[in-house]
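Please keep the sequence and the structure open beside them as you read.

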Amino acid sequence: MEEDLRREVRYLTTRLGEVVRQQSGPGIFAAIEELRKLTKGLRHQSDPARIPGRAFEGEGANSAPAFVKRLSAAEAVPIAHAFSLFFHLVNLCEERERIRRLKAYDRQERGAPMSLRRTFHELNRRGVKRADVQRLLASMKVEPVLTAHPTEAKRRSVFNHILRIGQVLETSCAEATPALEERIDPWIEALWLTEEVRARPVTPEVEIENTLVYFERTIYNLASNFWERFRSELSQAYGPSREPLPFFRFGSWVGTDRDGNPNVTPEASLKAAAAHRQSILQYYARSCDRLLTMVSFPCRNSQAAQRMQKELRRVMQRYPETQAFRASDQPDELYRRKLRIMIWRLERTLANADGAYDSPTAFIDDARLLEEALEAHPSKRIGWLGPGRLRVAAQVFGFHGASLDFRQHAQLVRAAADELLGAANLPVKPPVERTRSVQRLLASSQLPEPVTLQCLKMIEEFRTLKEIQRRYGEAASHRFILSMSASESDIWNALLLGKMAGLVESRRGKVARDFPEEAGPNGAGGRRNKEIQTPSRWKLDFDVIPLFETYGDLLASPAILDRLLSDPLYRQLLRSRGDFQEVMLGYSDSVKDSGYLAANWALYRAQEGLEAAARRHAVRLSLFHGKGGTIDRGGGMSYRSVQALPHAAPGGRLRITEQGEVISLKYSNLDIARRNMEELVSSVLEARLIHHHAIPAERLETWRTFAHELAEGSRAYYRALVYETPDFPLYFSQATPIDLIDRLRLGSRPSRRFGSSDLENLRAIPWVFAWTQSRHFLPSWYGVGHACEEFIRSHPEHGVRALQEMYRDWPFFSVLIDNAEISIAKTDLYIARCYAALVRPESLRERIFHQIEEEYHRTVRSILTIREGERLLDRQPVLAESIKLRNPYVDPLNFLQLRFLERWRRHPRAASPELLHLLQITVGGIAFGMKSTG
């Protein structure tokens, strides 16, 4: 640990201890210290995972579990609260240390690894031409998408207190003086007195407000901050050239993600769109207002002054109210007059009144006019600092702020389409006939009337998307994502509902169409020609995006896309969208469905196949990666992930979800947010312009065969435990706090789809969250060890050597193994065994935990063999040290959770609010300690 980091952690935790002593008394403070010493003593054992004992049975009288067993719930609450706040403060200190490192890298000539400076230096060194870079930038599109998934356990009030503590440290001289204590102790005391646990359920409206905090605090400023860095590094590497258009945008699911969330209504979606628009327009107005104080000088350049005066006369003639601004400033202060008019027009835009900007383009033109005038003054610094940054922000955010994605489960869309087709007396089976039925309705002006409330609600979702476009423009919302897509019919279903909402328009005319005949008994099929009423011209106002999530659907996705793109009518529809197709890939549910190794292989193959299909049909493809924060939900380093998946960003186009606690980690601080964007953009530049590992085709094909073999073996072993062991759901329900997580108020969305209690309909987030809390981390490694050992056994002569070569020379396999190593290193068998002790009957506990334990050791052996290491994380000493230092402070929270979870489960309905409150604190504390929820 760096000395500055160590000093800050020591200082803040000492101040926290003093506040605890003052607020809760010396007895509670002494109990916290005693529990900390006991858990540290436990961790000094050579291997805690081999310590005998079952949770609170058979432990010594002076052990940490025994100490916890003597606590009442009233005593346990402040103790849990203290350990939870410890991690809040430690995480703050680590964030500050990361910022210090980034600033140190900035002073180096080559910059930080994975930075723009390092990337452009490498492009130059390898002889990548400016034209190649410009060609990629012209097609590039990078878009982080913030989601409202219920994985952010931190309340906004707690978040704000942490920010203020960081601000006090930032403005101090790093000296632990009485003056610093006077400034920082009130905020630590406020943090201590603030409830960590939400007393009320989170609504979509609250989620919208929370998301806007990150936009207003960081993301709006990030656009120009990052772009300034990008164009500077590009110019340094390739010399001055015409500035490219900003290629990045931001999206959001907050208030529009309906999949399994009945709380997201049309009203919530309209509120989300209105809130984003209001927020970004107010940001522009505030920016212009601040700029007024800077441009306090007259316009001296005669040519610029003439152009400015001409523009001012034009606007004042069109909007006479603005002539009052002539008296506001000195006669020659034309910049200020222009800014006042811009502010006035922004206010009119907010109010939808006369004088409003008719489009973001008009506002961008105004900002550019100011920028160019100031550059000619000459005032290049002010030109960029003020209107230049404003222009870039407007190019990125428009007047909508973030593009809102609608999402719904394909099954519900299918049911609504079934009703419409039935009302029109059109067949819904088999698939070819169903597609033909939908196409007839798309071409028809006579549409069926929906009957059921469910169908009406589904159509209303599409009408809401249309209404957002009407109010704020198509950029505000134009995507409809279909969860659990399984066939091309799912896309046709959405197009039909889009037609009902006015999102698909057509002109009719008679044309001849070829339809494929049904396959005969021998599998052969033919084609027949039929004249039908069909539109000769189509206009599609939204994008239907299939989301492939299960192992089977991922593998089938290239064929599904190929069939879609082979359909003449679909191609006509797609042509109205610029021959652009987006496909989303689900990382979370694929891992839950088939295990870590198999899911990653399916994702690799899907991306490769989808890009090939799009290339065959001359369609521009964009892939949307549905990642979570944890490795078992696709998390990990974005830079290495894109390098490992060469087809992840076709044409440089990439969208990626930012979920839950990841949003807080990446977008609470502007320096870290810029670093995150640099890594993402650098990964795309390098993946598309540099071939780091040119693997011979024959060798790669052999490795692909091996990877498939490993994936199939891993998947079979994972599913044998999770889905084919009858009593496994009982083990999961008792050996993890999933029942407690179901009760938490982390988000507006239920943890299960369709209210079902089976594992298939449990969402991936609570699935991962539960295993993280109990320190099993099972989804992110289970099946890896078995697959590797079986592979070695079936290839006795070269199995080990083949896996080692794949690890050394194939980035995909290297990242796969490295991420599994991180997860297995975080796994704690001792704590996991304590949770397993809650399982009844004992025979079930012993049987399943023994299987998990055996696979854990197999996986550790396999990883160390493959990468030729001696111990876990010996190549990542910083991470290894972090886990080692955190464990003794997470353990008390686990012990408290175990102790009182058992009591709560005996009488959950009669349990006191205090008991549930205590357990909720432990859930949040463990999440902060592990830096992971779902």
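In which helix does R336 lie?

1. R336 lies in helix 12, where helices (H or I, at least four residues) and strands (E, at least two) are DSSP runs numbered from the N terminus. This is a predicted model, in which local features need pLDDT of at least 70 and side-chain atom pairs count only at pLDDT 80 or more, while totals for chains, interfaces and linings use all residues. Residues are numbered from 1 along each chain as its sequence is written, and side-chain values use heavy atoms, with hydrogens and water left out.

2. Once its neighbours within four places in sequence are set aside, R336 is in contact (heavy atoms within 4.5 Å) with L292, T293, V295, S296 and D329. The C-alpha atoms of R336 and V591, by contrast, are separated by 56 Å, and these two residues are 255 apart along the chain.

3. Seen as a whole, the protein has 36 helices and ten strands. Its radius of gyration, taken over C-alpha atoms, is 29 Å, close to the 30 Å that the globule rule (2.2 Å times the number of residues to the power 0.38) gives for 934 residues, so the protein is as compact as a globular protein of that length. The C-alpha trace spans about 85 × 85 × 60 Å along its principal axes, and buried residues make up 60% of the 934 residues. Of the contacts with a separation of 6 or more, 82% are between residues 24 or more positions apart.

4. D354 is found in the loop between helix 12 (334-351) and helix 13 (360-376), and this residue is exposed, with a relative accessible area of 55%. Although D354 and Y319 are 35 residues apart in sequence, their C-alpha atoms are 8.5 Å apart in space. Leaving aside neighbours within four places in sequence, D354 is in contact with Y319, W344 and R348.

5. T464, in helix 17 (residues 453-472), counts as buried at 3% relative accessibility. Not counting residues up to four places away in sequence, T464 touches R258, P266, S269, L270 and F406.

6. The backbone deserves a careful look at several places. The peptide bond from K429 to P430 is cis, with omega near -10 degrees, and P430 lies in the loop between helix 15 (410-423) and helix 16 (431-443). A cis peptide bond also joins R840 and P841, with omega about 0 degrees, and P841 lies in the loop between helix 33 (829-836) and helix 34 (842-866). M114 is a residue other than glycine with a positive phi, near 70 degrees, and M114 sits in the loop between helix 4 (73-106) and helix 5 (116-125).

7. A disulfide is a covalent bond between the sulfur atoms of two cysteines. Under the rule used here, which asks for a pair of cysteine sulfur atoms within 2.5 Å, the count comes to zero disulfides. C288 is buried, with a relative accessible area of 0%.

Technical notes
Buried means under 20% relative accessible area, exposed over 50%, partly exposed in between (1.4 Å probe, protein chains only).
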